[in-house]
Amino acid sequence: MAAAGSAPEARPDGREPLLGSAGITADEEEEEESRDVVESQEHYKSRWRSIWIMYLTMFLSSVGFSIVIMSVWPYLQKIDPTADASFLGWIIASYSIGQMVASPLFGLWSNHRPRREPLVISTAISVAANCLYAYVHVPHGHNKYYMLTARALVGFGAGNVAVVRSYIAGATSLTERTSAMANTSACQAVGFILGPVFQTCFTLIGEEGVTWKFLCLQLNMYTTPVLFGALLGVINIILIFAIFREHRVDDMGRQYKSINSDGGGSDVLDQNTEGSIDHVAVVALNVLFFVILFVFAVFETIATPLTMDMYSWTRKEAVFYNGIILSVIGIESVIVFMVVKTLSKKTGERAILHAGLLIVLVGFFILLPWGKKLPNIQWQEIKNNSIPRTAPSEMLAPFWSLPELQLPSNHTAEPVGCPVTQSWCLNTPMIYLAQYISSDVLIGLGYPVCNVMSYTLYSKVLGPKPQGVYMGWLTASGSGARILGPVFVSQIYTHLGPRWAFSLICGVVVASLLLLEIVYKRLIAFSVRYGRMQEENC
């Protein structure tokens, strides 16, 4: 690679640095010349090919979560009749638990070894876990625990998200990073959208499907999606070996030898990483990211029970209509990810994050019950004409573990409406469909903005230092939010109703806005903090 010439505009290969030497004083020119390294066209192409492989890895990680989410419950009931709805909650949460545990470990690994190692191992774990999921019907007992193990291992493999984001942060300059992080989040969103679509396509195979007795394998609507996911994982591993290369550039976009490559780092790395990370900003962004994922997990969890209670939708209708709504929100999110890349160059990431949180706050505020009309009540046989009250001990159980409502024996239709066992149904106004749709649109707008801006700010605050462990903790905080969010909303919504649930969410978002205001001036790039770049160049 050619060294920099005496003048920034005169390079041996005719190319300029990714960023010019604006802001460099005459006294620093000699040092800058010794550090500036020209990026060749081949290096640039190789760097971005590797980043695109990271996009694919992120996409496959989200597909692995969503491709079976709609079929887990019927498959669980089929393979193990002893499994109840409360166990379903553990199976769904096991993915996030596995990811929360694995993210810091893979992040630490990627800080000291070539990133190909944790990427390949984590993807291989996901492939093996998907194959295990396809065989959970084979054992003669305890099938639900095999399914639990399989989903936890898929989540463990998805801990490579920390490696993906740390690599992208280290392989992009500050001016490239917002766009790269937005693309990463867009790939993640597309994966969440297409996972259920793949699942829907595989339902054409049916519950029986085809059985290969010599492999003890059933190819049906439940197992084919995970085997498809395993195939994608194998392809991903091949591409990592064939295309992925270690690349690293500093905040100015100048390349230097990656610490993950054989031979260790270079002097440029040592010079650029001088200075300490602002840990107050790091902790604050972890908290903000937790809140962002927490409120969205609440939104996802509450969609089906809320619409069934408020609009008397059947289970089938709720799954179908909310599936359409979430798909539209996913498409909206991808568009937002693309727009925010351009917008951030004009307003900066902090202002956009602030606006995104405000939009989310308005979205949940709209969901508060405002009218006078009550929802339709789902009556059941009540002894002594008494209205059941919630016992204190029941407050400890999430809504999916509560006893299912049963119609009298002379009824065959599915019960619809707001169940009378939820005492708030008798005095809480209904949430109109227009409110629900408006809230969906606003939350679908605010969430992707907050998601990509928090990741981008986080990577910029960390600067050129190895980010694997830090990205691992950020991913773990998001996984923790996806675990606690459903538990929180199940308690509050079931026992106290939507008014309390959404009011508390609004309070949480307001608190996060106050936190953002407190640390606003600290959320600046590492290089800006130490005067190596001007903020307008970030």
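Modeller: Tyrosine 44 and tryptophan 48 are both part of helix H2, four residues apart, which is about one turn of the helix. The model is a predicted one. Helix H2 covers residues 41-66, 26 residues in total, and its span from first C-alpha to last is 38 Å, close to the 38 Å expected at 1.5 Å a residue. Most of H2 is covered, with 19 of its 26 residues buried.

A search of the whole structure gives 20 aromatic pairs. In the pair formed by tyrosine 44 and tryptophan 48, the ring centres are 6.5 Å apart and the planes stand at 50°, so the pair is classed as tilted; an angle under 30 degrees would have made it stacked, and one over 60 edge-to-face. The two residues can also be described by their accessibility. Tyrosine 44 has a relative accessibility of 30% and therefore counts as partly exposed. Tryptophan 48, with a relative accessible area of 17%, is buried, because the limit for that class is under 20%.

A tilted pair is also formed by phenylalanine 296 and phenylalanine 299, with 5.7 Å from centre to centre and 40° between the planes. Both of these residues belong to helix H11 (residues 279-311), where they are three residues apart, about one turn of the helix. Phenylalanine 296 and phenylalanine 299 are both buried.

Aromatic residues also come together in a cluster, made up of Tyr311, Trp313, Tyr321 and Tyr436. A contact of another kind involves tyrosine 455: the charged end of arginine 165 sits over its ring, 3.3 Å from the centre.

Next, the nonpolar packing. The largest nonpolar core has 120 residues, and those touching the most other members are Met147, Leu306, Phe364 and Phe502. Helix H11 is the biggest contributor to this core, giving 20 residues. Leaving aside residues up to four places away in sequence, methionine 147 touches Val72, Tyr75, Leu76, Ile79, Ile91, Tyr133 and Val136. There is also a second, separate core of five residues, among them Phe65, Ala129, Val154 and Ala158.

Conventions:
Residues are numbered from 1 along each chain as its sequence is written. This is a predicted model: local features need pLDDT of at least 70, side-chain atom pairs count only at pLDDT 80 or more; totals for chains, interfaces and linings use all residues. Side-chain values use heavy atoms; hydrogens and water are left out. Helices (H or I, at least four residues) and strands (E, at least two) are DSSP runs, numbered from the N terminus. The expected span of a helix is 1.5 Å times one less than its number of residues. Buried means under 20% relative accessible area, exposed over 50%, partly exposed in between (1.4 Å probe, protein chains only). Rings of Phe, Tyr and Trp (its six-membered ring) pair if their centres lie within 6.5 Å; planes under 30 degrees apart count as stacked, over 60 as edge-to-face and the rest as tilted. A charge sits over a ring if NZ of Lys or CZ of Arg is within 6 Å of the ring centre and within 35 degrees of the ring normal. A nonpolar core is a set of buried Ala, Val, Leu, Ile, Met, Phe, Trp, Tyr and Cys residues joined through side-chain atoms within 4.5 Å. Contact means heavy atoms within 4.5 Å.
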